[in-house]
Amino acid sequence: MQHPRYWINTNENGLYCEALDAYIDPVNPVHRAIITHGHADHARAGHGEVYATPETMAIMRIRYGEEHAEKQIELAYNDKIALNKGELIFKPAGHILGSAQAVIDHNDHRLVISGDYKRSYDPSCASFEVTPCDVFVTEATFGLPVFKHPPINQEVNKLLASLALFPDRCHLVGVYALGKCQRVILALRELGYSKPIYMHGALLKLCELYSSYGIELGNIVPVNDVENLKSLAGEIVLAPPSALNDRWSRKLPNVMTAMASGWMQIRARSKQRRAELPIIISDHCDWPELLQTIEEVNPQEVWVTHGREAALVHQAKLMGYEAKALSLIGRSEGNDDD
Ligand SMILES: [Zn+2]
Ligand SMILES: [Zn+2]
């Protein structure tokens, strides 16, 4: 009973680890949950005990209230905790602030559940840490060879170029509140954009949280505080994707709609969002990064969760690994997470 296949299984609540007697990112309320990060399809309210990084716990309190779980146990990166018959350590996943890989040790075997993760540049969170293990559990959100994400600076430069070309248009950019929003702001700042960045109220709290962890976002102004909305011509306004084409956005002057998402690589998706300016920015690995990570972790076995499982399982086998798909329910694509 050494191998993780004997102490990990899936059921209607999600991925269950018998060694720790805990679920990882369960879709229903459970007695003990290990939460890899704060996106809504991973972090839910109503668990008995929650184990998460301090940042993830803070995100959950913002989204679900102080009482989101009966017991909240914060575990910083690299701290070790004994649970039931095994041990748990969090390692950075490079996905969003506080995002973690769950490293589980039991019976001299190590299983790593990487959660959502990426390898490309992101100053808004700690970088992914390669952790050798027997079994590596990976997502496959962009697990097809067609997915290659361009560098973020190249994409954000498109926004700045458009602003220079159309200085009278209010550039309204759809961003998810957790991760994408802060990354776009940091990229703009790194490219030298020092003007105020205007923001829909729904994005404010998480930006404040990032700032409280020392991530400098510069001058941010809530759109609600702007007296004359006409003055937003030629400015950048960030809003949740749902606000791009609704009544809220109609009060802005001469709008140019942009959308920042990994899915903007697919023309049909950008049309669906009615984004004039699609900006390809993903918080997940693209195909080359997935393969690079599997090679670097170099496990005996690769288990693939949500996304394009089949293609990645096939590729991992070609690379000489044992591989299988874990069928997990309840991981939506592109809700507040892409
Ligand atoms: Zn996810
Ligand atoms: Zn996520």
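## Lining of the largest pocket

The lining of the largest pocket divides into six nonpolar, four polar and three charged residues, where Ala, Val, Leu, Ile, Met, Phe, Trp, Tyr, Cys and Pro count as nonpolar, Asp, Glu, Lys and Arg as charged, and the others, Gly among them, as polar. Of these 13 lining residues, S120, H149, P150, P151 and I152 lie nearest the pocket's centre, and the space in the pocket is about 160 Å³. A pocket here is an open set of points, on a 1 Å grid over the protein atoms alone, with protein on both sides within 12 Å along at least five of seven lines, whereas a cavity is a set of points where a 1.4 Å probe fits but cannot get out; lining residues have an atom within 4 Å of a point. Grid points are joined across faces, edges and corners, and a volume is the space filled by probe spheres set on the points.

The model is predicted, with local features needing pLDDT of at least 70 and side-chain atom pairs pLDDT 80 or more, while totals for chains, interfaces and linings use all residues. Residues are numbered from 1 along each chain as its sequence is written, chains are lettered from A and ligands numbered from 1 in the order in which they are written, and side-chain values use heavy atoms, leaving out hydrogens and water.

## R183 in helix α3

R183 lies in α3, which spans residues 180-190, and is buried at a relative accessible area of 4% (buried means under 20%, with a 1.4 Å probe and protein chains only). Leaving aside residues up to four places away in sequence, R183 touches K118, S120, Y121, D122, S124, I152, I281, S282 and D283, a contact being heavy atoms within 4.5 Å. The side chains of R183 and D283 are joined by a polar contact of 2.8 Å, that is, a pair of N or O atoms within 3.5 Å, of which, within protein, one must be able to donate a hydrogen and the other to accept it.

## Helix α1

The buried residues of α1 (residues 54-64) are E55, T56, M57, A58, I59 and M60, and they pack against β5 (47-52), β6 (69-74) and α4 (204-212).

Key:
Buried < 20%, exposed > 50% of the residue type's maximum accessible area, 1.4 Å probe, protein only. Helix = DSSP H or I, 4+ residues; strand = E, 2+ residues; numbered from the N terminus.
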